[in-house]
Amino acid sequence: MSALRGLQRLSCALARQTCSRRSPAHSRVSAGFVRPSGARSLAVAREPTLLVQMENPYTEPERRCVLCHVTVDFKNTQLLSQFISPHTGRIYGRHVTGLCGRKQKEVSKAIKKAHSMGFMSVTHKHPQLMKDPNVCMIKHLS
């Protein structure tokens, strides 16, 4: 063990003599490790890789309001029934329908007016309107 320490001290002393001729950046000696004089850093100059700009394939297309160019009327029960739950009769929220704030408010007011005037049932969706295609990508349990 003492022979090993003596060898380390000797190599440190030799390293100090050879490193004194070099710049201060090369004179690092740490915990008995001596960098061989012929060793250089392994950093190799590489050509920069050209990155290809492409769209994110995982982004979903932006959902737009389907009623922005349509007039909402309380007498159009077929349109209004698309925005209520078929089993409970509750009005779907904006996060489900995908409508803008203004049209969501118009639809909910028209549905409430249709309920009060007797055009639509309050508790459930009319059975004739159950098979209509979905306007706003709502997935119902079958």
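How many aromatic pairs does the count come to? I looked this up before anything else. The count comes to one aromatic pair, where rings of Phe, Tyr and Trp (its six-membered ring) pair if their centres lie within 6.5 Å, and planes under 30 degrees apart count as stacked, over 60 as edge-to-face and the rest as tilted. The partners are Phe 74 and Phe 119, with ring centres 5.6 Å apart and planes at 55°, so I logged the pair as tilted. Phe 74 sits in the loop between helix 1 (2–19) and helix 2, and Phe 119 in the segment after helix 4, so the pair ties together parts that are 45 residues apart in sequence.

**Basis**

I am working from a predicted model, in which local features need pLDDT of at least 70 and side-chain atom pairs count only at pLDDT 80 or more, while totals for chains, interfaces and linings use all residues. Residues are numbered from 1 along each chain as its sequence is written, and side-chain values use heavy atoms, with hydrogens and water left out.

**Confidence**

I checked pLDDT, the predictor's confidence in each residue, from 0 to 100. The protein averages 77, and 66% of the residues score at least 70. Confidence is lowest in helix 1, at a mean of 66, and highest in helix 4, at 95.

**Elements and surface**

I found four helices and zero strands; helices (H or I, at least four residues) and strands (E, at least two) are DSSP runs, numbered from the N terminus. The order from the N terminus on is α-α-α-α. I took contact as heavy atoms within 4.5 Å. Among contacts between residues at least 6 apart in sequence, 63% join residues at least 24 apart.

The accessible surface comes to about 12100 Å², of which 56% belongs to carbon and sulfur atoms; areas come from the Shrake-Rupley method with a 1.4 Å probe, and for residues only the protein chains shown count as cover. Of the 142 residues, 25% count as buried (under 20% relative accessible area; exposed is over 50%, partly exposed in between; 1.4 Å probe, protein chains only).

**Core**

I then looked up the largest nonpolar core, which has 15 residues. Such a core is a set of buried Ala, Val, Leu, Ile, Met, Phe, Trp, Tyr and Cys residues joined through side-chain atoms within 4.5 Å. Those with the most contacts inside this core include Leu 67, Phe 83, Leu 99 and Val 107. Helix 2 (77–80) and helix 4 (101–117) are the elements that give two or more residues to this core, and helix 4 gives the most, with four. I listed the contacts of Leu 99, leaving out residues up to four places away in sequence; among them are Cys 65, Val 66, Arg 94 and Gln 104.

**Salt bridge**

The count comes to one salt bridge, defined as a side-chain nitrogen of Lys or Arg within 4 Å of a carboxyl oxygen of Asp or Glu. It joins the side chains of Glu 106 and Lys 103 (3.4 Å, N to O). Glu 106 and Lys 103 are three residues apart in helix 4, so about one helical turn separates them. Glu 106 is partly exposed at 30% relative accessibility, while Lys 103 is buried at 7%.

**His 124**

I located His 124 in the segment after helix 4. His 124 is partly exposed, with a relative accessible area of 37%. Not counting residues up to four places away in sequence, His 124 touches Pro 86, His 87 and Gly 89.
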